[in-house]
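Subject: Structure for your files

Hello,

Here is the structure you will be working with, and my notes follow below it. Please read them with the model open.

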Amino acid sequence: MMAGLAELLEPGLEAIKAAVCASHVVHADETVWRCDGRGGYAWVFLGKDGVLLLCRTTRSGQVAVEALGRFNKDGVLVTDRYSGYRVLDESARQLCFEHLKRDLLKLERKNPDSEECRLFVAAVLPLLREAMALRRTEKERDRYLTRAREIRDEIMARMKKGRCKAVRKYQEIFLNNEQSLFRWVEDPEVPAENNAAERAVRPLAVARKVSHGSQGERGLKTREVLGSVLLTLRLRHGRDAWKVLVAALDKLAADPKTDIVKELFPEYDPDKDAMAGAARPA
């Protein structure tokens with residue numbers, strides 16, 4: 001039944017991909033998802049008006065290219081530091097400060113006897129936290145930009161070569177990736193963290209613990225289609241998502257020639273390969 005439903009809804013994937021690629025900010029993450037016991041990954045690409053789920057047997061960066069090959073040239077991709085996303089323009093990436101914060105805390109835990117580590121963490125940790133909270137705490141644009149630049153400068157001032165090897169290794173992350181770390185400084189729409197993508201993959205991680213993945217290629221495709229369509233409908237319509245889906249399926253049942261894409265996503269224009277944004281659900 002689920003596979004049959006996915007076959008009916010599969011044409012909607014192009015509309016979803018168009019919505020994701022048109023977004024100014026896209027969050028991306030991936031998690032393990034096996035197929036018939038073989039290794040594989042579920043990739044999630046979350047835009048303002050669409051959620052694209054791709055289930056693949058590889059963690060290759062070509063999956064990111066497949067999803068974002070038509071990505072908005074002014075868009076920003078927010079990710080962790082996984083090298084697979086390097087196939088895209090590095091200047092279009094924003095690396096996640098939440099991951100950097102976790103690495104910083106790990107640095108202190110692994111070097112409990114290092115005074116330099118303790119002082120370094122004490123100086124940098126508040127700055128990372130403030131950077132991630134700034135969009136929420138400072139709504140006035142000019143004040144946001146001023147404080148964001150101050151935070152950036154304070155962070156980079158603390159990335160001078162330390163004596164401790166562990167501290168130097170952490171500092172090199174900032175020294176080697178500066179162009180991908182501070183997109184949020186000049187653009188308040190860009191978050192400094194990738195929490196949205198982590199929340200999007202959490203249901204997959206829970207499902208994996210129960211099901212251990214998909215039993216075959218058909219199941220893999222079914223999860224990809226249903227996940228993309230249902231998550232996108234929920235993002236665009238909130239609690240009314242199920243009503244939109246039921247209405248579309250009712251029309252399809254009454255008339256097999258019904259354009260299911262038009263019923264699910266009436267804002268999609270196939271000629272322009274674009275989908276207008278929906279009203280934000282309450």
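Ala 166 is partly exposed, with a relative accessible area of 22%; here buried means under 20% relative accessible area, exposed over 50%, and partly exposed in between, with a 1.4 Å probe and protein chains only. The model is a predicted one, in which local features need pLDDT of at least 70 and side-chain atom pairs count only at pLDDT 80 or more, while totals for chains, interfaces and linings use all residues. Residues are numbered from 1 along each chain as its sequence is written, and side-chain values use heavy atoms, with hydrogens and water left out.

Ala 166 lies in helix α7. Helices (H or I, at least four residues) and strands (E, at least two) are DSSP runs, numbered from the N terminus. Not counting residues up to four places away in sequence, Ala 166 touches Leu 107, Asn 111 and Cys 117, where contact means heavy atoms within 4.5 Å.

Second largest pocket

Ala 166 is also one of the residues that line the second largest pocket, together with Arg 81, Asp 103, Lys 106, Leu 107, Lys 110, Asn 111, Lys 169, Tyr 170 and Ile 173. The space in the second largest pocket is about 260 Å³. On a 1 Å grid over the protein atoms alone, a pocket is an open set of points with protein on both sides within 12 Å along at least five of seven lines, whereas a cavity is a set of points where a 1.4 Å probe fits but cannot get out; lining residues have an atom within 4 Å of a point. Grid points are joined across faces, edges and corners, and a volume is the space filled by probe spheres set on the points.

By class, the lining of the second largest pocket has four nonpolar, one polar and five charged residues. Ala, Val, Leu, Ile, Met, Phe, Trp, Tyr, Cys and Pro count as nonpolar, Asp, Glu, Lys and Arg as charged, and the others, Gly among them, as polar.

The largest pocket holds about 310 Å³ of space. Its lining has 18 residues, and those nearest the centre are Val 25, His 27, Lys 48, Arg 135 and Glu 189. Eight residues of that lining are nonpolar, four polar and six charged. At least two lining residues come from each of β1 (25-32) and α9 (195-211).

In β1, seven of the eight residues are buried. This strand pairs with β4 (residues 76-79) in the parallel sense over three bridges, and Val 26 has Leu 77 as its bridge partner in β4. With β2 (residues 41-46), β1 pairs in the antiparallel sense over six bridges; there, Thr 31 has Ala 42 as its bridge partner. Two strands pair if DSSP finds at least two bridges between them.

Cavity

How many cavities of 30 Å³ or more does the structure hold? There is one. The largest cavity has a volume of about 30 Å³, and its lining is made up of Arg 81, Arg 86, Glu 90, Arg 93, Leu 95 and Asn 177. These divide into one nonpolar, one polar and four charged residues.

Two other residues

Glu 138 sits in the loop between α5 (115-137) and α6 (141-157). This residue is buried, at 17% relative accessible area. Its side chain reaches the backbone nitrogen of Glu 140 at 3.4 Å. Leaving aside neighbours within four places in sequence, Glu 138 is in contact with Arg 143 and Tyr 144.

Leu 235 belongs to helix α10 (residues 217-237) and counts as partly exposed at 24% relative accessibility. The C-alpha atoms of Leu 235 and Asp 49 are separated by 6.6 Å, although the two residues are 186 apart along the chain.

Overall

The protein has twelve helices and seven strands. Its C-alpha atoms fill a box of roughly 70 × 45 × 30 Å along the principal axes. Of its 282 residues, 49% count as buried. Among contacts between residues at least 6 apart in sequence, 65% join residues at least 24 apart.

Regards

Definitions and conventions: A polar contact is a pair of N or O atoms within 3.5 Å; within protein, one must be able to donate a hydrogen and the other to accept it, and residues adjacent in sequence count only if both atoms are side-chain atoms.
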